[in-house]
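Thanks for coming. Today I want to talk about charged side chains and who pairs with whom. Let me put the model up.

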Amino acid sequence: MLSHVDENGQANMVDVSLKDVTLRDASAEAFISMSKLAFEQVMLNQNKKGDVLGVARIAGIQGAKKCADLIPLCHPLALTKVAVDFELDEANSQIKITSYCKLAGKTGVEMEALTAVSVASLTLFDMCKAADPLMEISGMRVTQKAGGKNGSWQRD
């Protein structure tokens with residue numbers, strides 16, 4: 001049976017009260033491709049809206065912290081670490097967005113890591129859309145998780 005569906009087939013928030021508290025973390029990534037002009041504005045910090053990467057980093061951190069407010073069946077979590085970083089690929093006018101979330105808790109932080117890269121990507125789009133309304137966000141995925149009953153794994 002799916003854990004988010006009750007015996008009557010209705011959506012259900014999973015009861016984690018009997019699970020052990022363990023150290024858990026997860027990482028995620030996404031990519032945003034843009035025109036050379038928009039990319040150069042980001043790289044040279046010349047976007048008219050200001051520090052694009054700084055604002056997107058804070059937005060991603062806030063997104064992770066608000067995950068339970070956005071995804072209906074996610075548990076509110078007391079995150080102890082959220083990091084959002086960027087790798088600029090000048091040759092392809094692309095930015096790789098990565099996140100890392102950590103806590104000691106009863107449920108994993110994959111959704112928080114995904115929400116962080118999603119909100120950071122959307123913020124990059126919002127701040128750069130005047131220079132390039134045709135940007136594309138792609139490749140959003142969890143890249144690793146550790147802790148909990150199902151153990152750890154990492155994407156190659």
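**Salt bridges**

Start with glutamate 29: this residue is buried, at 7% relative accessible area. That follows because the cut-off for buried is under 20%. Keep in mind that this is a predicted model.

So what does glutamate 29 meet in a salt bridge? Its partner is arginine 141, with 2.7 Å from N to O. The pair ties distant parts of the chain together. Glutamate 29 sits in strand β1, residues 22-33. Arginine 141 sits in strand β4, residues 136-146. They are 112 residues apart. Arginine 141 is partly exposed, at 33% relative accessibility.

Next pair. Aspartate 85 and arginine 57 meet through their side chains in a salt bridge, 3.9 Å from N to O. Here, too, distant parts of the chain are linked. Aspartate 85 belongs to strand β2, residues 81-89, and arginine 57 to helix α2, residues 52-65. The separation is 28 residues. Aspartate 85 has 40% relative accessibility, partly exposed. Arginine 57 has 29%, also partly exposed.

Buried or exposed, where does aspartate 69 fall? Exposed, with a relative accessible area of 60%. Lysine 66 is partly exposed, at 43%.

Methods. Residues are numbered from 1 along each chain as its sequence is written. This is a predicted model: local features need pLDDT of at least 70, side-chain atom pairs count only at pLDDT 80 or more; totals for chains, interfaces and linings use all residues. Side-chain values use heavy atoms; hydrogens and water are left out. A salt bridge is a side-chain nitrogen of Lys or Arg within 4 Å of a carboxyl oxygen of Asp or Glu. Helices (H or I, at least four residues) and strands (E, at least two) are DSSP runs, numbered from the N terminus. Buried means under 20% relative accessible area, exposed over 50%, partly exposed in between (1.4 Å probe, protein chains only).
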